[in-house]
Amino acid sequence: MAARKRRARPGRAKRNITLRYTVDASVFVNAFNPHEEGHAESLRILSLLHERGDPVIVPTLLVAEIASAIARATDDSAGALEYALATSALPHLTLIPLTSAVARQAADLAATHRLRGADAVYVAVARRYGTTIVSRDEEQRRRSAAVVTCRTPEQALNA
């Protein structure tokens, strides 16, 4: 019996692939501040990921990085903590703890690719879970590109 070929139906978008991302704190912080360059695009990519339900897999470090950056920029500790905790509770966001295994992988990546410590943790998570890093940090994207796919929010929106 010959196998039948399935034909694509006209007018239907093919969206069987679920994209997964590791979004750096730089994007969440940029989305928070409407006065920063790139704010609209950072906010748009986060909104799009939320609307589509694309998994966002990040290290637990994200929560502290967001709280720190926003508190330092705004001098509003309570607001910074509220935003960081609200981010960590997003339904499509999975927080990955810094286990010994992830820490060892991050250390190896940091030494091999000359990554900053926090950046190496994000890369270790992205590598382990097969995600694309979305970051505003040019150095992180450049040095991490040898290990994982990296994009700016603008590039992720156009992908």
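Q: What is the volume of the largest cavity in this predicted model?
A: The volume of the largest cavity is about 40 Å³. A search of the whole structure for cavities of 30 Å³ or more finds one.

Q: What makes a space like this a cavity, and which residues line the largest cavity?
A: The space counts as a cavity because a 1.4 Å probe fits there but cannot get out. V29, F32, N33, E36, A69, I70, A73 and T74 form the lining of the largest cavity. Two elements, helix 1 and helix 3 (61-74), each give two or more residues to that lining, and the largest share, four residues, belongs to helix 3.

Q: How do the residues lining the largest cavity divide by class?
A: Five are nonpolar, two are polar and one is charged.

Q: Which elements give two or more residues to the lining of the second largest pocket, and what is the volume of that pocket?
A: The second largest pocket has a volume of about 180 Å³. Helix 1 (25-32), helix 2 (39-52) and helix 4 (77-88) each supply two or more lining residues. Helix 2 provides the largest share, four residues.

Q: Which residues line the second largest pocket, and how do they divide by class?
A: The lining consists of F28, A31, L43, L46, S47, H50, Y83, A86, T87, L90 and H92. Seven of these residues are nonpolar, four are polar and none is charged.

Q: Why is V23 called buried?
A: The relative accessible area of V23 is 1%. V23 sits in strand 1 (residues 21-23).

Q: What does V23 touch, leaving aside residues up to four places away in sequence?
A: V23 touches F28, L46, L49, V56, V58, L62, Y122 and V134. For one of these contacts, V56, the C-alpha atoms of the pair are separated by 6.8 Å, although V23 and V56 are 33 residues apart along the chain.

Q: What makes D54 and R52 a salt bridge?
A: Their side chains meet at 2.5 Å, N to O. The cut-off is 4 Å between a side-chain nitrogen of Lys or Arg and a carboxyl oxygen of Asp or Glu, so this pair qualifies. By this rule the count comes to seven salt bridges.

Q: Are D54 and R52 buried, exposed or partly exposed, and how do you know?
A: D54 has 2% relative accessibility, under the 20% cut-off, so D54 is buried. R52 has 35%, which lies between 20% and 50%, so R52 is partly exposed.

Q: How do you know that E139 forms a salt bridge with R116?
A: The closest N and O atoms of E139 and R116 are 3.9 Å apart. That is within 4 Å, so the pair counts as a salt bridge. E139 lies in helix 7 (residues 138-144) and R116 in the loop between helix 5 (100-113) and helix 6 (117-129), so the pair ties together parts that are 23 residues apart in sequence.

Terms used
Residues are numbered from 1 along each chain as its sequence is written. This is a predicted model: local features need pLDDT of at least 70, side-chain atom pairs count only at pLDDT 80 or more; totals for chains, interfaces and linings use all residues. Side-chain values use heavy atoms; hydrogens and water are left out. On a 1 Å grid over the protein atoms alone, a cavity is a set of points where a 1.4 Å probe fits but cannot get out, and a pocket is an open set with protein on both sides within 12 Å along at least five of seven lines; lining residues have an atom within 4 Å of a point. Grid points are joined across faces, edges and corners, and a volume is the space filled by probe spheres set on the points. Ala, Val, Leu, Ile, Met, Phe, Trp, Tyr, Cys and Pro count as nonpolar, Asp, Glu, Lys and Arg as charged, and the others, Gly among them, as polar. Buried means under 20% relative accessible area, exposed over 50%, partly exposed in between (1.4 Å probe, protein chains only). Contact means heavy atoms within 4.5 Å.
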